[in-house]
Amino acid sequence: MEKIIDEIKNLVLFDQEEQQRLIDKLRKNDKGKTIVECLVRKTDIILTPEEVVRQLFLDRLINEYKYPVSRIKLEHGIHFGREVKRADIVIFEKERPTTVYIIVELKKSKEKDGKKQLRSYCNATGATMSVWTNGSQITFFNRKDPNYFEEIPNIPTETQSLKDILDEPFTLKDLIVKDKILKEGKSLRQIIKNMEDEVLANAGVDVFEECFKLIFTKLYDESLSKRDKEIISYYVDSNCDCESLVDLEYKEYIELVKKVNDKKFRQLEFRNKGETDLELKNKIQKLFDGAKTKWKGVFTEDAKINLSPSHLSVCVSSIQDIKLFNSNLQIIDEAFEYLINKSSKGEKGQYFTPRHVIDMCVKMLNPKKGEHMIDTASGSCGFPVHTIFKITGKLFSNADIPDEEKENVLKIFGIDFDEKAVRVARTLNLIAGDGNTNVLHLNTLDYDRWKNSVNSKEWLSVYQDGFERLEKLQKDKESYKEFNFDILMANPPFAGDIKEQTILARYDLAFKDKEKNKMKSKVGRDILFIERNLDFVRPGGRLAIVLPQGRFNNTSDKNIREYIAQKARILAVVGLDVNTFKPHTGTKTSVIFLQKWNDDDSEPKYYCPKVEDYPIFFAVSEQIGKDNSGEYIYATDENGHLILDKHGHFVLEHDLHNHDGDLPDGIAEAFIDFAKSEKLSFWSEE
């Protein structure tokens, strides 16, 4: 019986009262099996894992939705020619008691299939609504026609209609309470993949572009409720009995949010409210136009949403209950990594760096206000955005950055050769940086051809302001080879070799013998990035670069290690777990931290005199916050409950840093102690 009780308590979809009502009715039969009286059949049944989910959901249908038992039938036969299949739960219409109204398909807690089967049941019976659940996740559908099943926020109660559900007021408070990501453990990546499989693949559109437009528009809609977010945060903070949200369980947090009076809150517009498909498209297009006006340079002024009204209706319903604004953009990163990975990014061996890895690097390199920072392979701009977080003290929370901080924000740069990644990065950087950005579409390695971009009116119309700020940091105004950045953090592409001789000729590491002018026929992309990154940084500047583990221990790469040691002090090497970049790649990686040699002591913060012998900080991560499948693992307290950070988000279980005190001290904190004891210049002032 204890195993069944644990099974019940692990079904997070159901609250403690629902769970306890079932637990209180458990009994043992004469064979030692756990049994319970079925709420509908009124006979004793053996409680299997799937039956646990069914009895809990029946309890909800009867006690919360108020459906009478007389309208509910279990194992209802559905005919497919001569074949008869059984639906787990069927609710019949009130006025037509033989007509199927809602079908519920149940699976054991760890099973995730059954949705296609559910749809076939609806098509066969004509049921207009359906529910799929495994006890931890739940999805509600409205059958618009045999081809399109649209997600809806809930099913009606016994006294409601579908229109009542769709017309319900919906504020930012409701979005927090009903957020699919936190409440149901779903990922935006998986939801987009489902949208693609079911709708987008046959819509005749560019999947990346249309998903990007929807996320862009939804972010804008949420940003318009900035004042409401501040009210919610203030209420929770003022009424929480504990010192911080770290001590607050997720369910307690949600209960506090539920108590917020949102009568005067703004109604979110990115929602399917039951209007016609064309009316919905016009509403979403208007929101998209507002987003383009606020965050310029990501889409052209005449850009339109190209999804048909019916396809758009399904897509909006799929993502409307996901809260995109969170503390570190991890949710959005996962989705965009999936989308970009399908085209250019994955082929070039570059993957977005997990946010907790980024935070470790930022903490260790300690960027300060007024310093210039760049990421030369910026992807979704995680390193620049988190540097902005560090120097402004503002996370991704819709909070305005004070005017005095904007000058510091405009010293943060990103460069990437993938146009799609640049547009994603510009979006996130524009929001985090309060309306301006230095994210540039350039090929970092092929810098001699940058002048071609500068001569393009189309390119300049988007990137001119940021590029002019970049040019001010040139070491030589006649060349784009060297710059004077204070900090560089990057995760350059690993896969693929550079073979173009005109590019290789500019790099020392491309030569077998520089004096004899013997050049290699090809060089790994990441090797050239090492040299290029060192050229971007001023004397005494510091770097963090993610590299394949082989660069640190392959005998054939000895010359690379010697080159690095000649140019800079090796501060630290942190080995990352093999799961770090899964599910996209299992490449073993490490992060190398450097400070370029500098014998000039006129600026103490950048003083790093060259020495022959010095200690190096080494560490290996043993907890990376991902399992072997690349799924995130979240931290729990001593009672096994998921813990929240001060922004109300789950905390990943990892050892890279202490997550502002939410986790035990990690590698970053150990390095900081090392840096201070070694009197490293960028930590000596602390």
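Colleague: Are H1 and H2 roughly parallel or roughly antiparallel to each other?

Modeller: Start with the angle between axes, which are lines fitted to C-alpha atoms, for helices over the stretch in contact, with angles from 0 to 180 degrees between N-to-C directions. Under 35 degrees is roughly parallel, over 145 roughly antiparallel, 65 to 115 roughly perpendicular, the rest oblique. Here the axes of H1 (residues 2-9) and H2 (residues 16-23) cross at roughly 160 degrees and come within 10 Å. H1 and H2 are therefore roughly antiparallel.

Colleague: What should I know about the model and the labels?

Modeller: This is a predicted model: local features need pLDDT of at least 70, side-chain atom pairs count only at pLDDT 80 or more, and totals for chains, interfaces and linings use all residues. Residues are numbered from 1 along each chain as its sequence is written, and side-chain values use heavy atoms, without hydrogens and water. Helices (H or I, at least four residues) and strands (E, at least two) are DSSP runs, numbered from the N terminus.

Colleague: Which residues of H1 meet H2?

Modeller: Contact means heavy atoms within 4.5 Å. Ile5, Ile8 and Lys9 of H1 meet Gln19, Leu22 and Ile23 of H2.

Colleague: How do H9 and H12 cross?

Modeller: Their axes cross at roughly 80 degrees and come within 9 Å. H9 is therefore roughly perpendicular to H12. Phe216 and Tyr220 of H9 are among the contact residues, as are Leu287 and Phe288 of H12.

Colleague: Is cysteine 381 buried or exposed?

Modeller: Buried means under 20% relative accessible area, exposed over 50%, partly exposed in between (1.4 Å probe, protein chains only). Cysteine 381 has 0% relative accessibility, so it counts as buried. Its phi is positive, near 75 degrees. Cysteine 381 sits in the loop between strand S10 and helix H17.
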